[in-house]
Amino acid sequence: MLACKDYRDLDADRTFRRVIDYEGGSCELAPDNTVTQDVFAYHISLSCNHCNQPACTKVCPTGAMHKDDLGLVWPDTTKCIGCGYCTMACPYHAPRIDEDLKRSSKCDGCRERVARGLTPICVEACPLRALDFGTPYELSERHPGTVRSIVPMPDESATSPNLLILPSAAAECAAEKGGSIVNRAEAGL
Amino acid sequence: MLMNETTLSRRTFVKGSLASLAVAGAAGTGALYGCSPQSEGGAGAGETATTDQISWSQCNVNCGGNCIFQWHSQDGKVLYMESDNTGDADLQARACLRGRSMRRWLNSPDRLMHPMKRVGKRGEGKFEQISWDEAIDTIASELKRVIDTYGNDAIYVNYATGMYSSTGKQPGLRLLSMLGGYINQGYDYSTNMLQAIMPHMYGSAANLDEDGNHVTLKKPATAFSPYDAVNASSFSEAERASDLVVMFGNSPAETRMGGANAVWDFAKVREAVESRGGRVVSIDYRLNETASGHPDEWLPIRPGTDAALCSAIAHEWIANDQVDKEFLDKYCVGYDEDTMPESAKGQNKSYKDYIMGTGYDMVEKTPEWAAPITQVPADTIRALAAEIAAAEAPFIVQGWGPQRHTNGEDTTRAICMLPILIGKLGLPGTNTGQREAEPPTYLVGGIPFSNPITKTIPVYQWVNAVDHGHEMTATNAGVMGAEKLNNDIKFIWNYAGNCLTNQHGDINYTHEILADESKCEFILVWDTVMTDSAKYADILLPDAMRSEQLNMQTQGYSEFYTAVVVGGPAQEPPAECRSSYDVCADIADKFGIKDDFTEGRTHDEWIQYLYEQGAEADGNMPTWDEIKAQGMYKRALEPVIGLEAFRTDPTANPLATPSGKIEIYSETLAEIANTWELAEDEVINPIPVFTPGFQGYGSVNDEYPLYCTGFHHKSRTHSSFGFIPELEQVARQQLWINPADAEQRGIAQGDTVSVKSPAGEIRIEAKVTPRIVPGTIAIPQGAWHKADMNGDRVDEGACVNTLTTYKPTPYAKGNGPAHSMIAQVAKA
């Protein structure tokens, strides 16, 4: 996220990538003060999913928001009128209206880097090597067992996102027990 | 449409998936590579800008990562960063979120731009711009005055870790050494209690002669250090051969976040251990970020009670005949009566007597005894004891949080007792109980210096040494290298550090000492921004950032990799910022020793000299011209097993303890306990026991009913980066409090609360979370103190050291109160 902010020169109030903190469960205190617990917590690093059926392009009145030859979704600022429909339509909150530009602004998959044969800056930045980039086919081959949605993300049927996730054990807990997003302010949600 | 928190529609989860998270942002269809991008507008700043220069540099703060930067700049101004994207992806020193924010620091409007002198009261933060000539004249004349009036042992170089580089703090140390020296720091704020006490168990350099031979055994022996690959095993060894990893207060995902640092090592450890059917256990008062995603790993414990847990595990092993008596008899002193030294025989002073209730406090350390202390249920303790005993190669490892308590000297040894009791150290896949090993391979050194003064104070004692140094002795204050101090500290040299107040402890008390100009007479501070410590400067100097000069530093803490980076400047220093080397050379000139100081070399020539010295010693490194062109050299290192030589042949390879063995019972400590001047509540124990410690277990009361502690936070490295808005936005300063404690006080998520301790009061936002054990609150350390010190002193910046009480620990005289506090919380 901070690599993206550095590369795209985004300040504290603007972000193309966010990390959602999701947690649940509780600690039970016994009379002798000992603790038993079923607490879980996990993070989801999320940006634009460059969906197969993007909600943002469907509502764009000028065609500025479009899916390009690479399959990447981004707004052509020469056509964008800053109406903000895309920001309301996207269930992942990927587009936003840039207060300075008065135009829609979002992750474009680092298309210039990708065209140069590089990966997006976030993928190259991840210290845990938890991010990867490629076609869905390539990624499925490299990472067997991925899914396209985990709690609390929208069901994949909404936009057919090009996002593949290997769920952690904690995400399985969330599916069974529920929980909540605990960093809405930080994630801009 | 909002992100739906209750979406529970059908999903397929993969059983046994190992990666914590592999998010794959992928484009839709067709070939991704080799296509021309569209020409429409729309890209962001970094992407559209053409850059004309790539400069190598490094992150030089104190997480130990030293991650690698490639600055992309245009017209002499950095635009964005790439980190290490070279070679094998496993071996890339990828900067963390903080390193990736370094441009915000470099180009911050808050940078100090000019030399300044204090014009208000000390600590008020009122300064006036002066010339470099005036600054250097003042520093030189104050140095001369203090040396002439009091002697060099009135000069102290304060602990400071904001700048790790071959030419960072060393020029100042070299200059002061040439002027007759200064009082040394003993230990450090990271490993204070551990570093002081562990040599009594695993070996002390004090028992070695000049040739490195044991003084009585007359052969080479191993002395303890927390910073080597001799006394502990590497994480890569756990990856290679362990089937159970037990972590005590160790969270590399928070303390060592960079991509060639322990966080990446540990991700590989988890995957490998789980592939062998093993698992990770994370014993911590928080479900920390290392265990996030892996809920089965968290074993919650009350902070500061690890020694009670370890004692109860020991009890189970002894009761079930699971200890390795053969190992204990052959390699150790003091487990039971069989190996007690003559001076302590027949007095029920052994470790076994302590555990089984026949010695010391005559209390049997059963799981039922430990449960209410630790908050770990007795059955859970029994299960953990059985799990460790059943493991083929348990890798037992402690972070530095457990020892950073007022009972840290005992806690750190108690954790080490686990591998010792079952003889699981020095063997494949095991560890000594210490933190994972640090690299044996530093490729380059720093500018050399040799302090002629050997007198040393434990690092946390400097405030006492300002206040009443002349009363401090070896036996009442832990003074080393001399029987006593002759002087109070009159001159403080503080380069790139925030340990005058923010990162030291008990800010309100320390303020009183520093504000009294009759005590410390002169304070010199160099920094890049106005830290809380900088406000106490008499002269404040603006330092150039490392990315604004030629920078060189060898690797940090990661043990499977070593590297050196040479590069820069990526952009010129702003305004009047200068390198510390050039400034020290100018001060040296005032004393007529400039030529001795520089040896005829410029700053950049020193770097070339140091690099070539390192390259010659190493034999594998590129030439100077090559490294200048390529910017960075790195290579992988092999896994190491801690104390392997000792385990293989303890007679040929003894430890540097008096006996040459692991001293569970230390005669030296017994002697110290008898001879040092200790307060009634201060105890030094010859064996590792559970003691509550000052403001530890059992000390809460009606006024302060909660335990309170601090932890390392994603948004800062200690206090470095603490002023960067982009980091604060994504990882805010929040008080962790369990719902059970919050509800009692009517506190909801996001409320601003007041936290009071016996030492002070802060304001902070509440994060109400089950990820912290009930009865304890926690505050991310390193936030910048922000209080009206002439008014109510309520700290709106929520620095944890507003709450810590200044009381050095019994033996190390260290910063145990950093994590041992009691407090009350209320809605503000």
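Mentor: Strand 5 (residues 116-118) and strand 6 of chain B run antiparallel and are joined by three bridges, where strands (E, at least two residues) and helices (H or I, at least four) are DSSP runs numbered from the N terminus, and two strands pair if DSSP finds at least two bridges between them. Within this pairing, B:Lys117 has B:Glu128 of strand 6 as its bridge partner. This is a predicted model, in which local features need pLDDT of at least 70 and side-chain atom pairs count only at pLDDT 80 or more, while totals for chains, interfaces and linings use all residues. Residues are numbered from 1 along each chain as its sequence is written, with chains lettered from A and ligands numbered from 1 in the order in which they are written.

The two strands belong to an open sheet of six strands in chain B, with mixed pairing and the order 6-5-17-16-15-7. Its edges are strand 6 (127-129) and strand 7 (155-157) of chain B, each of which pairs on one side only. From one strand to the next the twist averages 20°, the angles running from 0 to 180 degrees between N-to-C directions of axes fitted to C-alpha atoms, for helices over the stretch in contact. Helix 4 (residues 170-178) of chain B packs on the sheet, where it touches strand 7 and strand 15 (491-495), and its direction makes about 160° with that of strand 7; contact here requires C-beta atoms, placed from the backbone, within 7 Å.

In helix 14 of chain B, B:Ile381, B:Leu384, B:Ala385 and B:Ile388 are buried, a residue being buried if 20 or more other C-beta atoms lie within 10 Å of its own, exposed if 12 or fewer, and partly exposed in between, with C-beta atoms placed from the backbone. Seen down the axis of helix 14, these buried residues fall within an arc of 100°, so they line one face of the helix, the arc being that of the directions from the helix axis to the C-beta atoms. On the other side of helix 14, B:Asp379 and B:Ala390 are exposed. The cover over the buried residues of helix 14 includes, among other elements of chain B, strand 9 (244-248), strand 10 (279-284), helix 10 and helix 15 (408-421).

Technical notes: Two residues are in contact if their C-beta atoms, placed from the backbone, lie within 7 Å.
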